[in-house]
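Trainee: I have a model open on my screen and would like to go through it with you. Please take me from one feature to the next.

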Amino acid sequence: MLDTKLLRTNPQEIANQLARRGFELDIEKLSALEEKRKQIQTQTQELQNKRNNLAKQVGQAKAAGQDIAPLLAEAEKIPAQLQENETQLNALLNELNTIYYSMPNIPHPDVPNGKSEDDNVEIRRWGEPKQFNFTAKDHTELGTPNNLIDFTTSAKLTGARFVVMRGGIARLHRALIQFMMDVHTKEHGYQEVYVPYLVNEDSLYGTGQLPKFKEDLFAISGENKYYLISTAEIPVTNLARNEIIEGGQLPLKYVCHTPCFRSEAGSYGKDTKGMIRQHQFEKVELVQLVRPELSYQAHEELTHHAEMILQKLGLPYRVVVLCTADIGFCAAKTYDLEVWLPGQQKYREISSCSNYEAFQARRMQARWRNPETNKVELLHTLNGSGLAVGRTLIALMENYQDAQGRIHIPEILWNYTGGLKIIE
């Protein structure tokens with residue numbers, strides 16, 4: 001959520017910044033609503049003052065033996081007028097909040113302008129795409145003939161865009177989770193957390209999934225209104241909701257493994273083959289809560305931590321900075337890590353690492369106490385995949401295949417696979 005004070009005092013500047021993202025801010029409507037809000041609040045204050053003055057006058061009139069009926073008659077009108085004002089004010093505030101919650105974050109000045117993902121800017125590469133002396137297979141060709149990856153059974157169990165994994169592939173998938181968690185906790189200094197996979201609406205409003213992305217969520221019908229999480233970012237970042245964290249505790253760095261559930265609304269026809277885009281998948285998520293002046297340093301650090309997983313696994317990748325047309329709703333700046341997939345002969349996203357600045361913190365009222373001033377300020381929040389487990393599995397299968405269709409597991413994972421080195 002953007003700073004409402006700034007929206008009231010300098011809406012044109014905000015509109016100019018949001019225009020970079022293709023978002024058109026209706027300044028006239030916003031200004032008219034704000035003016036009406038101020039009028040009602042002023043009227044309410046005047047009515048409250050009038051009520052207090054009348055109460056004093058009634059007391060004085062009684063003491064003087066005067067007729068208080070006219071004063072009481074006038075005072076009796078005020079509650080209804082206050083109730084009417086409160087009704088109008090609540091309606092106005094709901095309309096204003098709908099506008100405020102619909103506004104995306106302001107892009108950082110370093111974010112390139114663009115009209116589509118084609119305008120994202122590559123900033124570095126690591127590793128060379130593997131060249132095989134045979135035609136590389138994709139992960140479905142490698143895994144489905146022997147039912148190590150089984151989409152037919154998952155469709156029977158549930159439906160499309162789910163998978164059943166068996167044998168060595170299932171074990172490798174589990175090994176990747178343990179490997180990533182160990183690296184981030186032991187080498188990068190993150191605290192491991194376990195969180196619920198169901199969250200309430202307040203949590204979703206806090207991190208920005210509601211109201212804009214409701215169609216992407218799976219809602220649970222029942223006594224309580226819960227939603228399955230689409231990313232661990234939601235419950236982990238909300239650990240700071242309505243909290244004031246002492247400055248000496250910062251930065252807070254969390255790592256969390258969870259399943260993620262997405263309806264993939266609007267993605268019909270995209271990546272329908274294989275495991276690239278699923279309704280259920282696993283992810284190891286990195287979250288940092290930091291002092292505002294250190295958030296862009298933390299952004300570089302967090303991105304590097306995600307990159308280190310790819311480097312340790314020997315997977316070629318590139319880093320791109322997302323343009324204004326492709327950046328996420330809440331993000332001020334985002335780096336995407338794209339891993340090389342020989343079966344597709346292209347780089348595909350495997351992690352997004354974003355700095356949200358104070359956008360989420362303002363929605364959640366996630367704050368910290370500055371020990372230098374003793375003032376309470378908004379935190380800056382960051383998160384990134386470290387990594388998406390299913391896509392990492394795909395990248396390993398395709399990059400470590402041989403001509404016979406076997407998968408050679410990198411040595412760094414052997415302790416996690418129980419010594420399994422080759423998936424036949």
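Trainee: In which loop is the place of Gln-365?

Mentor: Keep in mind that this is a predicted model, where local features need pLDDT of at least 70, side-chain atom pairs count only at pLDDT 80 or more, and totals for chains, interfaces and linings use all residues. Residues are numbered from 1 along each chain as its sequence is written, and side-chain values use heavy atoms, with hydrogens and water left out. Helices (H or I, at least four residues) and strands (E, at least two) are DSSP runs, numbered from the N terminus. In those terms, Gln-365 belongs to the loop between α11 (359–364) and β14.

Trainee: What relative accessible area does Gln-365 have?

Mentor: Buried means under 20% relative accessible area and exposed means over 50%, with partly exposed in between (1.4 Å probe, protein chains only). Gln-365 is partly exposed, because its relative accessible area is 32%.

Trainee: What is the phi of Gln-365?

Mentor: Most residues other than glycine have a negative phi, and most peptide bonds are trans. Gln-365 is not a glycine, yet its phi is positive, at about 55 degrees.

Trainee: Where does Asn-242, a residue with positive phi, lie?

Mentor: Asn-242 is not glycine either, and its phi is near 60 degrees. Its place is the loop between α9 (233–237) and β8.

Trainee: Which residue of β14 stands opposite Ile-244?

Mentor: Two strands pair if DSSP finds at least two bridges between them. β8 and β14 (residues 367–369) meet that with three bridges, in the parallel sense. Across from Ile-244 in that pairing is Arg-367.

Trainee: Which are the edge strands of the open sheet formed by eight strands?

Mentor: The order in that sheet is β1-β11-β12-β13-β16-β10-β9-β4, and the pairing is mixed. Two of its strands pair on one side only, namely β1 (121–126) and β4 (191–192).

Trainee: Which residue in β12 is the bridge partner of Tyr-317?

Mentor: β11 (residues 317–321) and β12 (residues 333–341) run antiparallel and are joined by five bridges. The partner of Tyr-317 in β12 is Val-339.

Trainee: At what angle does α12 run to β16?

Mentor: Axes are lines fitted to C-alpha atoms, for helices over the stretch in contact, and angles run from 0 to 180 degrees between N-to-C directions. Contact means heavy atoms within 4.5 Å. α12 (residues 389–399) lies across β10, β12, β13 (346–355) and β16, and its angle to β16 is about 35 degrees.

Trainee: What is omega for the peptide bond from Gly-386 to Leu-387?

Mentor: Leu-387 is in strand β16. The bond from Gly-386 to Leu-387 is cis, with omega near 20 degrees.

Trainee: What is omega for the bond that joins Leu-210 and Pro-211?

Mentor: Pro-211 is found in the loop between α8 (201–207) and β6 (218–220). The peptide bond between Leu-210 and Pro-211 is cis, and omega is about 5 degrees.

Trainee: How is α7 placed relative to α10, by orientation class?

Mentor: α7 (residues 167–187) packs on α10 (residues 295–312) at about 125 degrees, with the axes 11 Å apart. Angles under 35 degrees count as roughly parallel, over 145 as roughly antiparallel, 65 to 115 as roughly perpendicular and the rest as oblique. The class for α7 and α10 is therefore oblique.

Trainee: Which residues in α10 meet α7?

Mentor: On the α7 side are Phe-179, Met-180, Val-183, His-184 and Glu-187. Their counterparts in α10 are His-305, Ile-309 and Lys-312.

Trainee: Is the crossing of α3 and α4 left-handed or right-handed?

Mentor: α3 (residues 27–63) and α4 (residues 69–102) pack at about 160 degrees, with axes 9 Å apart. The two helices are therefore roughly antiparallel. A crossing is left-handed if the near helix is turned anticlockwise from the far one by less than a right angle, and right-handed if clockwise. For α3 and α4, the crossing is left-handed.
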